[in-house]
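Q: I would like to learn how to read aromatic contacts and surface patches in a model. Can we go through them one at a time?

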Amino acid sequence: MNPTDPTTGAAVAPAPRRLLRLPQALRQHDFRRFWVGETVSLFGDQITMLALPLVGVLVLHASAAEMGYLGAAGLFPALLFSLHAGALLDRRGRRRQAMVFTAFGRAALLATIPIAYAFDVVTLTQLYVVSFLVGTLSVIFYVSYSTLFASLVPREQYLEASSLLNGSRAFSYIAGPSVGGALVALFSAPGALIVDACSFVFSGLALSSIHPQEPPTEKAERGHVKAGIRYIWGSEIVRAKLLATATINFFNFVFWALFILYATRTLGVGPGALGLVLGAASIGGLIGSLVTNRLSRRLGVGPVFMLGAVLFPLPLVLVPLADGPRLSVLACLFLAEFGSGFGVMLLDISANAITTALVPDRLRARVAGAYMVVNYGVRPLGALIGGALGTWIGLRTTLWIGSVGALTGVLWLLPSPIPRLRELPEADR
């Protein structure tokens, strides 16, 4: 029966049903703009990850050692500055303005490379400096990120909003390298960096157009810088989550230090097939980002986090197991990457929502900084140990250690409250 107009009494046709409903989080004006800006910036990041090393290889003919230094230059800021960046932002506030500054700053830094190339004065020293400074600004951006995220969406939409942002990240992993490769082919490696600089400008403009209500700042007192560390150690949930993810990351980087070498030299996988294999992780990640919110409602956010802690590393055991005909080897590698990509999205999305719901506003930046020091600090350590073990005991044995060792991360979660978390936890005071 059709509804009637309350004024005239005449029958009114029912409103057409929408085939596609906009997610609740995207109906928030400020979050929608933030999400669009971050999506564009994530694509730019993928271009930089390809184009910046190619400047060193193709333009400056860098050696293996010099390329290692270039990679390290971008990683060190997380270890050096995360704690103090978190303390500064919790004390001074204005996180959105800090993120805008870092977006425009990274655009300007990257733009110096094609400019120097045009005048034939680009050097490896410039690449090291740019990489280090871009890494430093990225630390400030991501330490501010957690506080701004909590200011943009209501608590009940944390999982959905985190799924959208992680979905953008997964999609950028699928399409970004292809776009980056095409840009390098069209405009050269330095020219491709102009596009990334433009993506950061777009991100900065998107952030400039939003005005979320940020939490109040906290006056700096004795122990202000270390407050994030103390909070993590005193919180059963956050401590267990950090120990689990750090363990997984450590062994995952042991694994990844040797994966490409093992796949190409031992298994005989060519570059084209390897690219398809690596793309499978992005497809799995995109699917994972789409189903995590629904799984969390059905199973509980804690069990989904634990499921991700298992499904992220478990499929990787297929890599050292791969053997036999070429098709069988490729199938094992494809399933390993697809399953791992799916699992890491369950892990990341639920982890972000749990932390956002639990950590007090006044501590968000400091907790993010302290978390980053540990979670990023184990990565180069794992890569170094992976390389040493590969030389000492062989590639395949080390891959077994990396893939199986990462599964032990879930053991930190078992005695914690996380397995019993059906809903997001209440915020600490």
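**Aromatic rings and a nonpolar patch**

A: In this predicted model, Y142 has a relative accessibility of 32%, so Y142 counts as partly exposed.

Q: Which geometry does the aromatic pair of F141 and Y142 have?

A: A pair of aromatic rings is described by the distance of the centres and the angle of the planes. By the rule used here, the count comes to six aromatic pairs. In the pair of F141 and Y142, the centres are 5.0 Å apart and the planes at 80 degrees, an edge-to-face arrangement. F141 is buried, at 2% relative accessible area.

Q: What sits over the ring of F141?

A: The charged end of R106 does, 4.7 Å from the ring centre. Likewise, the charged end of R239 sits over the ring of W233, at 5.4 Å from its centre.

Q: Why is the pair of F250 and F251 edge-to-face?

A: Planes over 60 degrees apart count as edge-to-face. The planes of F250 and F251 are at 85 degrees, with ring centres 5.1 Å apart, so this pair is edge-to-face. Both residues, F250 and F251, are buried. Elsewhere, F255, W256 and F259 make up one aromatic cluster.

Q: Which residues form the nonpolar patch on the surface?

A: The patch consists of F76, L79, L80, F81 and Y376, which together have about 430 Å² of accessible area. Helix α2, residues 64-92, provides the largest share, four residues. F81 lies in helix α2 and, at 31% relative accessibility, is partly exposed.

Conventions: Residues numbered from 1 in each chain as written. Predicted model: local features only at pLDDT ≥ 70, side-chain atom pairs only at ≥ 80, totals over all residues. Heavy atoms only, no water. Patch = residues over 30% accessible without salt bridge, like charges linked within 9 Å, V, L, I, M, F, W, Y side chains within 5 Å. Areas by Shrake-Rupley, 256 points an atom, 1.4 Å probe, with all protein chains shown as cover. Salt bridge = Lys/Arg side-chain N within 4 Å of Asp/Glu carboxyl O. Helix = DSSP H or I, 4+ residues; strand = E, 2+ residues; numbered from the N terminus. Buried < 20%, exposed > 50% of the residue type's maximum accessible area, 1.4 Å probe, protein only. Phe/Tyr/Trp six-rings, centres within 6.5 Å; stacked < 30°, edge-to-face > 60°. Lys NZ or Arg CZ within 6 Å of the ring centre and 35° of its normal.
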